[in-house]
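Here is a short briefing on one protein chain. Please look at the sequence and the model before reading on.

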Amino acid sequence: MLKQKAKLVSLFLFLTELALLAGSFFTAYRFRDLYFSETYGHLFPFEQYLWLIYIILPVWSFLFYYFDLYESQRTKPFWNEVWKMAKVSFFGTLLLTAAVFALKADNISRLFIIFFGLISFIFLFLERLILRLMVRSARRRGYNYRNIILVGTGRRARELAKVIVGHKQWGFRLIGFVSDQTDSRVGKVMGYPVLGVVTDLPEMLG
């Protein structure tokens, strides 16, 4: 169930980012034509550039998955996600420029391509930032949590519990421990209940 939900969220995020790429493309066109036409001349009508979308969407889609932007970011810092997005924008812009050069499309403004790379990065950055803030806000209100049961009551289990409790933004809620001893009389560990022993796990998870 959780995997299916995660796949649906990833698909929605992917489609949203494709839409943002299309929006970035139009914004870059308008920005280049509006503010740099006196220096570099007006661009051709927008329709003459639309074929680039058929290069942009597959290239950026490949890079999104190549740099693992749709794997779980739950325990990873935001700067790591930003760095991946920066690499997507850099290599995507590089490949798009190479494609334009290889196709000898002299009517395509290089400045337009650069603006697209920068604007697409800004749009994706803002989208991921807003998503992070929304998720953290939901977790503070008790939503989007995953319940965790730790197996073991020894030093390693306690250290892991401290990490989980100390990083609430990850969205994990520790509900207790399961003893790895067949006969355990320990009632609580770090204030959390010992819910049973390892042999009880099938019943707990069922």
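The points below cover the overall fold, the sheet and the nonpolar cores.

This is a predicted model, where local features need pLDDT of at least 70, side-chain atom pairs count only at pLDDT 80 or more, and totals for chains, interfaces and linings use all residues. Residues are numbered from 1 along each chain as its sequence is written, and side-chain values use heavy atoms, leaving out hydrogens and water.

**Overall fold**
- The chain has seven helices and four strands. Helices (H or I, at least four residues) and strands (E, at least two) are DSSP runs, numbered from the N terminus.
- Along the sequence the pattern reads α-α-α-α-α-β-α-β-β-β-α.
- The C-alpha trace spans about 80 × 25 × 25 Å along its principal axes.
- The radius of gyration is 24 Å, whereas a compact globule of 206 residues would have one near 17 Å. This radius is taken over C-alpha atoms, and the globule rule is 2.2 Å times the number of residues to the power 0.38.

**Surface and burial**
- Of the 206 residues, 37% count as buried, that is, under 20% relative accessible area with a 1.4 Å probe, protein chains only.
- The chain exposes about 13,200 Å², by the Shrake-Rupley method with a 1.4 Å probe. Carbon and sulfur atoms supply 65% of this area.

**The sheet**
- Four strands form an open sheet in the order β1-β2-β4-β3, with mixed pairing. Two strands pair if DSSP finds at least two bridges between them.
- The edge strands, β1 (146-151) and β3 (188-189), each pair on one side only.
- Strands β2 (residues 172-179) and β4 (residues 192-197) run parallel, joined by three bridges. Phenylalanine 177 has valine 194 in β4 as its bridge partner.
- Helix α6 (residues 155-166) packs on the sheet and touches β1, β2, β3 and β4. Contact means heavy atoms within 4.5 Å.
- The direction of α6 makes about 165 degrees with that of β1. Axes are lines fitted to C-alpha atoms, for helices over the stretch in contact, and angles run from 0 to 180 degrees between N-to-C directions.

**Nonpolar cores**
- A nonpolar core is a set of buried Ala, Val, Leu, Ile, Met, Phe, Trp, Tyr and Cys residues joined through side-chain atoms within 4.5 Å.
- The largest one has 35 residues. Phe25, Leu52, Trp60, Phe64, Leu96 and Phe116 have the most contacts inside it.
- Helices α1 (2-35), α3 (53-66), α4 (78-102) and α5 (110-140) are the elements giving two or more residues to this core.
- A second, separate core has eight residues, including Ala161, Ile164, Leu174 and Val194.

Notes: Buried < 20%, exposed > 50% of the residue type's maximum accessible area, 1.4 Å probe, protein only.
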